[in-house]
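Please keep the sequence and the structure open while reading.

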Amino acid sequence: MNASSIAISSTAERRDWLPWLLLALFAVLAVVAPWVSPYPPDLQLDITGLRSAAPSASHPFGTDSFSRDVLSRVLHGARNSLGFAFGAVVLSVLVGTSYGALTSFAPSALSAVMRRAIDVALSIPRLLVLLAFTAFLGPLPVWGLGLLVGLTGWFATARQVTDELDALQRREFALAAHAMGVRTPRLFQRHLLPHLAPILAVTGTFAVANTIALEAGLSYLGLGIQPPTASWGTILQDGAGSIESEWWITLFPGLATVGAVLLCNILGDALRDRFAPAHVAGVMPLWPGTVASTSPSDDQRLTRAPESSHRSASRT
Amino acid sequence: MFSRRLLARTWQCALVILSAATLAFLCLHLAPGDPASALGENVTPEVRARMRALYGFDEPLLTQYVRWLGALLRGDLGWSTQQQRPVSAVLADALPNTLMLIVPAFALSAAIGMLVGAWQGVHARSRRDRITSNVLLVIYSVPEFWLAMALMLLFARTWQVLPATGVTSEMHAYMSTGDQLLDRLRHLVLPLTSVTLIGVATFARYQRNSMRDTVGQPFVRTATASGLPRSRVLRGAWRASVLPVITLGGILLPSYLAGVIFVEQIFSWPGLGYVLLRAIAARDYAVVAASVVLGSTLTALGAWLAEWLREQADPRLRTASLSDSPSKSAAAEHA
């Protein structure tokens, strides 16, 4: 390694903490929004005097057409948008991991059916399903929407967990644990789950990024979080009609959305490079770069030993 | 003719469409109200019962489900209450507009993304690679609707160089053929750019990693060591690195459809997404259900095509599919 590449890597390491810090700042602001925001998010301050006022010292982000303070709304929006995305992703990771574990440990006939079901579910466009449900169910409360988004977002995680567990079960430590008489639930919990954690962290981080954008999009269409609740998407929707004259209503929540998504993606990239999920399972996949955030390609399935004796032996 | 993998993919296609149809059916039944409740208060129970019988709502759910599937197969998608014409006619008008957007967007973003990504992969970790990666990551992180709004604000409203909405302008019918074509192209630029840019960023991100890993592989080193010109080595490496990206292309299709829905809404582009969102607003349930089925069908067909393409690009898969089915080849020998 020559001097210049060392310099590059050290500057890269020095910059590593910046996205973490910014993301932490977003999270802290979201948590403390009720205490730091200058006004209540739904308060109409002065409908005649402060209607769509441009940014000023007392209202740094201006006010919207209902004379509400945009800064306060963006801060509360962070609370709703980030909280929503985080909650939905936690739900989908839990469901996805459980389903993936059940699939990997299930008897082979059942397991094949469960795998096929995931492949099919992954091929149906998620946004279409979400739009259809919101159309037929009508406006949903925030928790209901979170449930819907969480329960339509776990398929990729399930697929990844299944593939990863298949590979892990063939490794020596798993075989050794099994030979010592460790039962399947304990094998999964104590021996395999820690190996899944890095992958789940990577997928989860990318999923949070996607879900923030998804919420903003749905709310922008009027089918997500419902006004007057402040989320970045609903503020964008409020300002979309008057984007030319009152740019401050859309600019700030827009920047917040893009910033949060970008930070999550940077973090996801960093985590992926750090943990290199391809190597976690000890299998040498053909294309390590493609593992995170998409499912492993069929190439890997092809090259892996088909349902080996190890696998069937690992069940009691 | 078709390999076993492709045949399996065909079955999966059918399963996807069936699942989407089932989902749409369940949604239709989740929706509040049936034809009987739409009649109002002053109707006797007998009339209500007749109405329900007329539309088959008194039959068991399974019978209704089978009938729904049968109707779908015949292309009978129901009646649009909003537009007062068959749903199939509504969707037939919208489909070409969506395809006009999604097919060029997909092709362009795949081509540009693969080129940029391969170039980055060869120069991985260099300064230009890092700068390009950062730019692409920012584009990748921008939600489609936000990018579309920004493009529209800049090019259509502030600088007014391109039209903001619609497929054609009002004077379209009075133009010469050449001007008509130009008019259509000008309308296409902004929506197409919105969908394509994000697609380029996605493709390039994956192609970069794939190319970076391929360039480090032994066969590339061997080729270089044997004195092949660098361009030929890289061409070979690119061919190998492109395979997982083709798979990714199949996986990406649903997200393209999602992007197109937002972009159509913003540019008032009368495609499937536009029609779907109008239908949702008007509670036109038949159109919503049919859109879900049609959207999933498109995605499934696209995924099938990606699989076929991958098989064309990767000779290993073709040989694998041959050795996969020894019984078939044995049968061929005995014939």
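This is a predicted model: local features need pLDDT of at least 70, side-chain atom pairs count only at pLDDT 80 or more; totals for chains, interfaces and linings use all residues.

Residues are numbered from 1 along each chain as its sequence is written, and chains are lettered from A and ligands numbered from 1 in the order in which they are written.

Chain A has 14 helices and zero strands, where helices (H or I, at least four residues) and strands (E, at least two) are DSSP runs numbered from the N terminus. Of the 316 residues of chain A, 48% count as buried, a residue being buried if 20 or more other C-beta atoms, placed from the backbone, lie within 10 Å of its own. Two residues are in contact if their C-beta atoms, placed from the backbone, lie within 7 Å; among such contacts in chain A between residues at least 6 apart in sequence, 69% join residues at least 24 apart.

Helix H8 (residues 172-179) of chain A packs with H9(A) at an angle of about 150°, the axes being 11 Å apart; these axes are lines fitted to C-alpha atoms over the stretch in contact, with angles from 0 to 180 degrees between N-to-C directions. The angle makes H8(A) roughly antiparallel to H9(A), a term for angles over 145 degrees. The residues that make this contact are tabulated by helix.

| Helix | Residues in the contact |
|---|---|
| H8(A) | A:Phe173, A:Ala174, A:Ala177, A:His178 |
| H9(A) | A:Leu187, A:His191, A:Leu192 |

These residues divide into five nonpolar, two polar and no charged, where Ala, Val, Leu, Ile, Met, Phe, Trp, Tyr, Cys and Pro count as nonpolar, Asp, Glu, Lys and Arg as charged, and the others, Gly among them, as polar.

At the interface, 39 residues of chain A are in contact with 49 residues of chain B. Helices H4 (108-123), H5 (126-137), H9 (184-220) and H11 (247-275) of chain A each supply at least two residues of the side that touches chain B, and the largest share, 10 residues, comes from H5(A). That side of chain A divides into 27 nonpolar, nine polar and three charged residues.

A:Ile124 is found in the loop between H4 and H5 of chain A, and it counts as buried because it has 21 C-beta neighbours inside 10 Å. Leaving aside neighbours within four places in sequence, A:Ile124 is in contact with A:Val129, B:Val16, B:Ser19, B:Ala20 and B:Ser296.

Technical notes
A residue is buried if 20 or more other C-beta atoms lie within 10 Å of its own, exposed if 12 or fewer, and partly exposed in between; C-beta atoms are placed from the backbone. Angles under 35 degrees count as roughly parallel, over 145 as roughly antiparallel, 65 to 115 as roughly perpendicular and the rest as oblique.
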